[in-house]
Amino acid sequence: MKLAKWLLDHNCRGIINVVFGKMAKKDEMIRWGLEHGKYAYEAEDAFGYAQKMNHFQMMDIVDKITQDVLIVGANKDHFIPYTMVGEEINALKNVRSLTFRLFTDMEDACNHCNCGNVKLTFDTFMNWIMQMKKGGM
């Protein structure tokens, strides 16, 4: 990760594009993620996508987050590994409260964005919001 950040910080567009291009040829999920990311963030290439994503890093502002936080994950997410949650939880030292909910395949909510069981996901969000309105957990 440090190398990727260095390459990004030093505007190494060609290297980043070549590396991601080779990775995308070898791995369909990387190809999909790259193409989807370029589309969603209106980026022309892997470098442009990485530049835009660099503006949305929670760790850059984690010390400023002081409200109640709900983090959700999915145990079979094809794009965001739920194991990243531990790093996020450990970094959120200034939050008022922190709730983590892992959706699973047993609940049919184990995929990216927890699609598969939209009702459970929606109910979880709404119940958490209602708890926060009542004064927290």
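**Exercise 1.** Determine which residues of helix 2 meet helix 3, and characterise the crossing.

*Solution.* Phe20, Met23, Ala24 and Lys26 of helix 2 meet Glu28, Ile30, Arg31 and Leu34 of helix 3, where contact means heavy atoms within 4.5 Å. By class, this contact of helix 2 with helix 3 has five nonpolar, no polar and three charged residues (nonpolar: Ala, Val, Leu, Ile, Met, Phe, Trp, Tyr, Cys and Pro; charged: Asp, Glu, Lys and Arg; polar: the others, Gly among them). The model is predicted: local features need pLDDT of at least 70, side-chain atom pairs count only at pLDDT 80 or more, and totals for chains, interfaces and linings use all residues. Residues are numbered from 1 along each chain as its sequence is written, and side-chain values use heavy atoms, with hydrogens and water left out.

Next, the axes of helix 2 (residues 13–26) and helix 3 (residues 28–40) come within 5 Å and cross at roughly 130°. Helix 2 is therefore oblique to helix 3 (under 35 degrees is roughly parallel, over 145 roughly antiparallel, 65 to 115 roughly perpendicular, the rest oblique).

**Exercise 2.** Is glycine 73 buried or exposed?

*Solution.* Glycine 73 is buried, with a relative accessible area of 10% (buried is under 20%, exposed over 50%, partly exposed in between, with a 1.4 Å probe and protein chains only).

Notes. Axes fitted to C-alpha atoms, helices over the stretch in contact; angles between N-to-C directions. Helix = DSSP H or I, 4+ residues; strand = E, 2+ residues; numbered from the N terminus.
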